[in-house]
Amino acid sequence: MKERIWIAGPCAAESREQLLTTAKQLVEHANVANIKLHYFRAGAWKMRSAPDSFTGAGDVSLLWLQEVQKSVGVPVCVEVMNFRQVELCAQHDIHAFWIGARTAVNPVEVQQIADAVRHSDFTVMVKNPIVPDLKLWMGNIERFLNADVASVMAIHRGFTDAKENIFRNAPMWQIPIELKVKMPELPILCDPSHLCGQVRWIPEVAQLAMNYGFNGLMTECHSNPSEALSDAEQQMTPKEWAEMISHLDLRSNIANLELVKQRTILENIDNQLSELLYQRMMTVDEIASIKRKDHIAVVQPQQWQQVVKRYQKHTEDTLYQEFLEQFLDLLHQNSIKRQN
Ligand code: PEP
Ligand code: MN
């Protein structure tokens with residue numbers, strides 16, 4: 001495994017002071033912990049869901065970032081949403097940017113950006129689109145590989161999921177793992193900040209990404225997270241960040257990528273199964289209260305036969321049928337018990 005890539009910095013560029021202070025603190029804590037900060041990130045322009053949300057300090061922040069890059073000595077990267085912004089980056093000596101998850105759903109825009117950096121020394125990081133569509137993600141990556149830029153990396157930041165989730169975005173690890181299988185040479189980083197949405201989950205997810213053999217992390221950090229103008233809940237202090245990185249176990253255990261991929265698929269199924277079983281239990285409780293109100297008997301044999309039929313249609317496999325019988329029996333017993 002090559003050297004891991006650590007990127008950190010605030011969600012948004014808010015002020016010159018905020019950028020300089022955060023970058024200096026990051027470098028200080030990185031030095032103490034013997035970590036290299038490869039890039040300082042900041043969103044100069046933010047694409048926000050609500051129209052009255054803070055959208056970053058805009059064009060002027062590139063001047064501040066240029067100053068940070070010079071005085072702190074760490075390369076800067078920003079999010080780029082259109083080709084005009086690429087031009088501005090180049091004018092301010094910024095040679096790295098990422099494509100955000102919202103821009104990533106628009107291949108026309110992404111192609112225009114790729115055309116703007118053709119044969120240049122830009123490093124481009126391509127975040128996954130908010131929709132779980134590997135083809136779309138890979139297509140965007142290929143646009144930059146074809147454009148022959150200095151370097152291309154992918155960033156996994158999770159996917160929008162309508163279901164209630166403890167994380168801000170559903171990890172769906174099987175998708176970045178599949179990307180790894182399909183593009184083994186491509187470095188893939190994880191952005192645990194946008195994935196988790198809350199600082200308290202970040203170290204655990206960061207470790208998981210290392211176990212899966214990810215090549216680094218992009219983490220949101222702010223010198224004073226509680227005062228941040230965007231994504232306050234998911235920004236770490238530079239001290240917390242350095243502590244997290246220095247405690248990561250970097251021995252990834254991906255001797256067999258295909259096995260890892262199947263495990264992440266299974267993990268996803270188990271998550272869904274546990275959610276569905278819980279929802280089933282809640283629905284049983286609803287049914288029980290209706291039956292009680294209308295004086296209907298708890299056990300309805302024909303009804304249960306329908307349930308059994310629904311389950312049995314998938315396969316004739318006898319071992320599976322045997323398991324299913326036991327499982328359904330358990331389900332039925334539990335259902336009756338709850339209703340009584
Ligand atoms: C960001 O990194 O600042 C950002 C907006 O991320 P995403 O596009 O992943 O939501
Ligand atoms: Mn953010």
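1. Contact here means heavy atoms within 4.5 Å. Among contacts in the protein chain between residues at least 6 apart in sequence, 75% join residues at least 24 apart.

2. This is a predicted model, in which local features need pLDDT of at least 70 and side-chain atom pairs count only at pLDDT 80 or more, while totals for chains, interfaces and linings use all residues. Residues are numbered from 1 along each chain as its sequence is written, chains are lettered from A and ligands numbered from 1 in the order in which they are written, and side-chain values use heavy atoms, with hydrogens and water left out.

3. The protein chain has 12 helices and eight strands, taken as DSSP runs (helices H or I, at least four residues; strands E, at least two). Along the principal axes, its C-alpha atoms fill a box of roughly 75 × 40 × 40 Å.

4. Of the 340 residues in the protein chain, 48% are buried, that is, under 20% relative accessible area (1.4 Å probe, protein chains only). The chain exposes about 17600 Å², and carbon and sulfur atoms supply 53% of this area, computed by the Shrake-Rupley method with a 1.4 Å probe.

5. The shell around ligand 1 comprises two nonpolar, two polar and seven charged residues; Asp, Glu, Lys and Arg count as charged, Ala, Val, Leu, Ile, Met, Phe, Trp, Tyr, Cys and Pro as nonpolar, and the others, Gly among them, as polar.

6. Polar side-chain atoms lie 3.0 Å (Arg102) and 2.7 Å (Lys127) from an oxygen atom of ligand 1. For Arg157, a side-chain N or O atom is 2.6 Å from a ligand 1 oxygen atom. The protein covers 95% of the 290 Å² of accessible area that ligand 1 has on its own.

Terms used: A polar contact is a pair of N or O atoms within 3.5 Å; within protein, one must be able to donate a hydrogen and the other to accept it, and residues adjacent in sequence count only if both atoms are side-chain atoms. Buried means under 20% relative accessible area, exposed over 50%, partly exposed in between (1.4 Å probe, protein chains only).
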